[in-house]
Amino acid sequence: MGSRYGLEIRSALPADAPGLAELLSASGRPVPSHFLAEQLDALRYAHGTALLALEWGPPSGIVVLHWYPVLEQAAPRAQITMLLVAPEGRRRGVGRQLLKSAAQAARMAGCGAIELLAAAEAPGLTEFCVANGFTPDAGSFVRSLRKKG
């Protein structure tokens with residue numbers, strides 16, 4: 001999708017599963033790489049995507065989003081179900097770039113808003129979301145994908 005200062009954001013592929021398994025394991029979410037490969041393959045054919053942040057080696061971050069129709073809006077809504085950045089990638093713009101790429105993917109899918117599912121009590125999460133244009137909304141954070149103006 002894009003590259004900035006040596007950071008590449010692109011779609012996750014089944015071949016990325018071993019590096020992704022390392023990232024998840026380091027964050028306390030161990031998942032076998034063969035299972036991740038199957039899930040990444042299935043996601044490619046569903047209404048969603050997984051985007052990886054890559055620098056020099058294993059993935060330094062991932063964002064997973066899905067889109068679905070909602071009753072109160074004509075456009076579908078995108079929902080971020082995972083946003084994870086390796087500790088060494090935090091406070092360096094990796095999360096911001098992942099959110100930017102997720103918003104671009106959601107716009108391309110015709111979505112009108114993007115929602116981030118997360119526990120509001122996570123340290124620094126509210127500040128991070130607000131700094132990236134999200135507003136708190138009943139257990140999640142939401143941001144419109146429409147251009148202002």
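The chain exposes about 8,400 Å², of which carbon and sulfur atoms supply 56%, the areas coming from the Shrake-Rupley method with a 1.4 Å probe, with only the protein chains shown counting as cover for residues. This is a predicted model, in which local features need pLDDT of at least 70 and side-chain atom pairs count only at pLDDT 80 or more, while totals for chains, interfaces and linings use all residues. Residues are numbered from 1 along each chain as its sequence is written, and side-chain values use heavy atoms, without hydrogens and water.

Read along the sequence, the pattern is β-β-α-α-β-β-β-α-β-α-β-β, with helices (H or I, at least four residues) and strands (E, at least two) taken as DSSP runs numbered from the N terminus. Of the 149 residues, 43% count as buried, where buried means under 20% relative accessible area, exposed over 50%, and partly exposed in between (1.4 Å probe, protein chains only).

A search of the whole structure finds 3 salt bridges, each defined as a side-chain nitrogen of Lys or Arg within 4 Å of a carboxyl oxygen of Asp or Glu. R10 and D16 meet at 2.8 Å, N to O; R10 counts as partly exposed because its relative accessibility is 22%, whereas D16, at 12%, is buried.

In the salt bridge of E55 with R92, the closest N and O atoms are 2.4 Å apart. E55 lies in the loop between β3 (48-54) and β4 (59-68) and R92 in the loop between β5 (77-85) and α3 (94-108), so the pair ties together parts 37 residues apart in sequence.

E115 and R77 form a salt bridge at 3.9 Å, N to O, linking strand β6 (residues 113-117) with strand β5 across 38 residues; both side chains belong to buried residues.
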